[in-house]
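Here is a short briefing to read alongside the model.

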Amino acid sequence: EKLRVVTRRDLHISTQAVQSAHASIDFQHQYPNEAFEWFNHSNYLALLTVANEEALIKLITKAILSGIKHTIFREPDLNNQITAVAFEPSEASRKLTSSCPLMGKEISYV
């Protein structure tokens with residue numbers, strides 16, 4: 001299973017990347033056993049997005065109600081707004097984030 005990290009499309013793509021890294025690292029500290037298992041058996045990441053902070057909060061609420069382990073990252077330089085969340089590698093996380101597009105998908109590199 002993939003570690004799924006969701007950030008906000010209303011942030012610049014470089015900010016999305018940094019916030020996703022913060023959430024990923026924080027997940028490893030908050031859930032060392034799950035991170036260890038993920039690292040040794042998969043080590044795959046899915047970097048995903050939602051529209052804005054409100055959409056992240058809705059996703060987090062669903063995760064809480066479903067018992068999905070997650071780590072929320074708040075950016076001090078953005079008034080402690082929620083900017084990213086990492087979800088445990090699991091089938092439940094995959095289902096939760098199945099409608100979230102990949103980070104940067106809307107960017108043209110031509």
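Thr97 is buried in this predicted model, because its relative accessible area is 2% and the cut-off for buried is under 20%. This threonine sits in the segment that follows α4 (91–96). Leaving out neighbours within four places in sequence, its contacts are Arg4, Val6, Leu48, Leu59 and Phe87.

**The sheet as a whole**

- Four strands make up an open sheet in the order β2-β1-β4-β3, and the pairing is mixed.
- At the edges are β2 and β3, each of which pairs on one side only.
- On average, neighbouring strands in this sheet are turned by 25° against each other, with direction ignored.
- Helix α1 (residues 13–30) lies across β1 (3–8), β2, β3 and β4, and it runs at about 135° to β3.

- How many of the residues of β1 are buried? The count is 6 of 6, so to speak a mostly covered strand.
- Both faces of β1 are covered, with Leu3, Val5 and Thr7 buried on one side and Arg4, Val6 and Arg8 buried on the other.
- With β2, the strand β1 pairs in the parallel sense over 6 bridges, and Val5 stands opposite Leu47 of β2.
- With β4, the strand β1 runs antiparallel, joined by 4 bridges; here Thr7 has Ala84 as its bridge partner in β4.

- Strand β3 (residues 70–75) and strand β4 (residues 81–87) pair in the antiparallel sense, over 6 bridges.
- The hairpin has 5 residues between its strands, and in it Asn79 takes a positive phi near 55°.

**Nonpolar cores**

- In soluble globular proteins, nonpolar side chains tend to be buried together.
- The largest nonpolar core here has 14 residues, of which Val6, Val50, Leu56, Leu59, Val85, Phe87 and Leu96 touch the most other members.
- Which elements give two or more residues to this core? They are β2 (45–50), α3 (53–66) and β4.
- The most comes from α3, with 4 residues.
- A second, separate core holds 9 residues, among them Val5, Phe73, Ala84 and Ala86.
- Val85, from the largest core, touches Arg4, Val5, Val6, Ala23, Leu56, Ile60, His70, Thr71 and Ile72, not counting residues up to four places away in sequence.
- Val6, Leu59 and Phe87, named above for the largest core, are also among the contacts of Thr97.

**The aromatic pair**

- How many aromatic pairs does the structure hold? There is 1.
- Phe27 and Tyr31 form this pair, which is tilted, at 5.1 Å centre to centre and 40° between the planes.
- Both Phe27 and Tyr31 are buried.

Key: Residues numbered from 1 in each chain as written. Predicted model: local features only at pLDDT ≥ 70, side-chain atom pairs only at ≥ 80, totals over all residues. Heavy atoms only, no water. Buried < 20%, exposed > 50% of the residue type's maximum accessible area, 1.4 Å probe, protein only. Contact = heavy atoms within 4.5 Å. Pairing = 2+ DSSP bridges. Core = buried A, V, L, I, M, F, W, Y, C linked by side-chain atoms within 4.5 Å. Phe/Tyr/Trp six-rings, centres within 6.5 Å; stacked < 30°, edge-to-face > 60°. Axes fitted to C-alpha atoms, helices over the stretch in contact; angles between N-to-C directions.
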